[in-house]
Amino acid sequence: MALYSYKGIDRTGAETKGSVNAENINLAKSKVRALGIMLTDIKEQKSEPKAQKNISFGAAVSINDLSLMTRQLATLIKARIQIVESFNALIEQCENPKLRVILSEVRQKVNEGSSLAKALSDYPKVFDTIYVNMVEAGESSGTLDIVLLRLAEFTEAQVKLKNKVRGAMMYPIIMLCVGATVMSIILVLVIPKITKIFVTLKKELPLPTQICIWLSSFIKSYWWAIILGIFAGIYLLKKYIATKKGRAVYDSIVLKIPVVGGLVTMVNVSRFCSTLGTLLNSGVPILMAMNIVKNLISNVHMQKAIERSRTNVSEGSSLAGPLAESKLFPVMVTHMISLGEKSGELEPMLNIIAENYEDQVESKLNGLTSILEPIMMVGMGGAVAFIVMSVVVPMMELNSVK
């Protein structure tokens, strides 16, 4: 059964459009006509999985849409509704056009005998490796409804964490942009008019005033070079970070930055523990789970520590050992993982660590925001004070001469 989109004219003469499920285009036309609609156009909707690389994940299917769909599918399967029928219900109520088409194609593949995990794997930009592997584990163990529910909760938790980090970084970025814009306007438009007075008097000016005049002249003459330099710098930095050596150097520097380094460690530890715990709880083998988790960690040095840990596990040794030796994971984390391994309660222990570090990340972000706000205010105030003094001091000297 495929999904067909149509355009037509209803009984009132108004243009209308929609979609119907049908075995073929002729049946689709019959269904539309049965609704009292005169067809003007009808075609099968396809998602073109092979072209998925050119599709922006955020623009096509949002995390919220995916999480809602996953929860609904878990509920339907838990109610013992056959998977094809469950997809029929999902397609009918799905509001995202892109996701509706993908669900229709997944249903078709499942109906033809494919496993759900295999069908989902054809759409990597929507259903990532974690999603597919967890579904595969759920299908194998007969606990697909439980796994899907965990997937929905895991997805929501990851989005929440990402939004917290973005929200905390947004304020200082906005403040920096606004401050730079205001300072540029003052230097380019205001300072030249005031400094004309000082230049005509041919009097030696104080150093702050000379610096201010030089900055104003430089920005006014070479504004294009400054903008070009900023973009070129960002481009070259990205190119350098994209290399293996550049990424290693960049990640090493980030970890050493006060406050920021600690925050990066916390975010990665939380992601590592929550993802690994969720995968293991869902029945994914530990070696496969660690390979998946490794690719989700943003810092290459922490990735290497996880890879060494995976090798250790494959040889029958401890998971916590290489993590502790790397000194990139906090002592409390490696100690708790070690205790979890010895007691056979690794999954619950990972979930406890993840919850604890999610709280710590939130606390750290709030603290970072409260520290950055006064620092940026003082910085902007200092810059404005410097410009004001560079203008006021020579004017006071002129008045004293008179």
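Residues are numbered from 1 along each chain as its sequence is written, and side-chain values use heavy atoms, with hydrogens and water left out. Because the model is predicted, local features need pLDDT of at least 70 and side-chain atom pairs count only at pLDDT 80 or more, while totals for chains, interfaces and linings use all residues.

The largest nonpolar core comprises 71 residues. Such a core is a set of buried Ala, Val, Leu, Ile, Met, Phe, Trp, Tyr and Cys residues joined through side-chain atoms within 4.5 Å, where buried means under 20% relative accessible area, exposed over 50%, and partly exposed in between (1.4 Å probe, protein chains only). Phe-127, Phe-272 and Ile-337 have the most contacts inside this core. With residues up to four places away in sequence excluded, Ile-337 touches Phe-272, Leu-319, Ala-320, Leu-323, Leu-346, Met-349, Leu-350 and Ile-353, a contact being heavy atoms within 4.5 Å. Another core, of 7 residues, lies apart from it and includes Met-183, Cys-212, Ile-219 and Ile-387.

Helices are DSSP runs (H or I, at least four residues), numbered from the N terminus. Helix α10 (residues 244–256) has 13 residues, which at 1.5 Å a residue should span 18 Å, and its end C-alpha atoms are 19 Å apart, in agreement; the expected span is 1.5 Å times one less than the number of residues. Gly-246, Ala-248, Asp-251 and Val-254 are the buried residues of α10. Among the elements covering them are α9 (207–242), α11 (260–281) and α13 (300–314).

Helices α3 and α4 pack at an angle of about 145°, their axes 10 Å apart. Axes are lines fitted to C-alpha atoms over the stretch in contact, and angles run from 0 to 180 degrees between N-to-C directions. On the α3 side, the contact is made by Met-69, Gln-72, Leu-73, Leu-76 and Ile-77, and on the α4 side by Ser-86, Phe-87, Ala-89, Leu-90 and Gln-93.

The loop between α3 (63–78) and α4 (83–93) holds Arg-80, which has a positive phi of about 65° although it is not a glycine. Arg-80 counts as exposed because its relative accessibility is 78%. Lys-327, in the loop between α14 (320–326) and α15 (331–343), is likewise a residue other than glycine with a positive phi, near 60°. Lys-327 is exposed, with a relative accessible area of 75%.

Conventions. Helix = DSSP H or I, 4+ residues; strand = E, 2+ residues; numbered from the N terminus.
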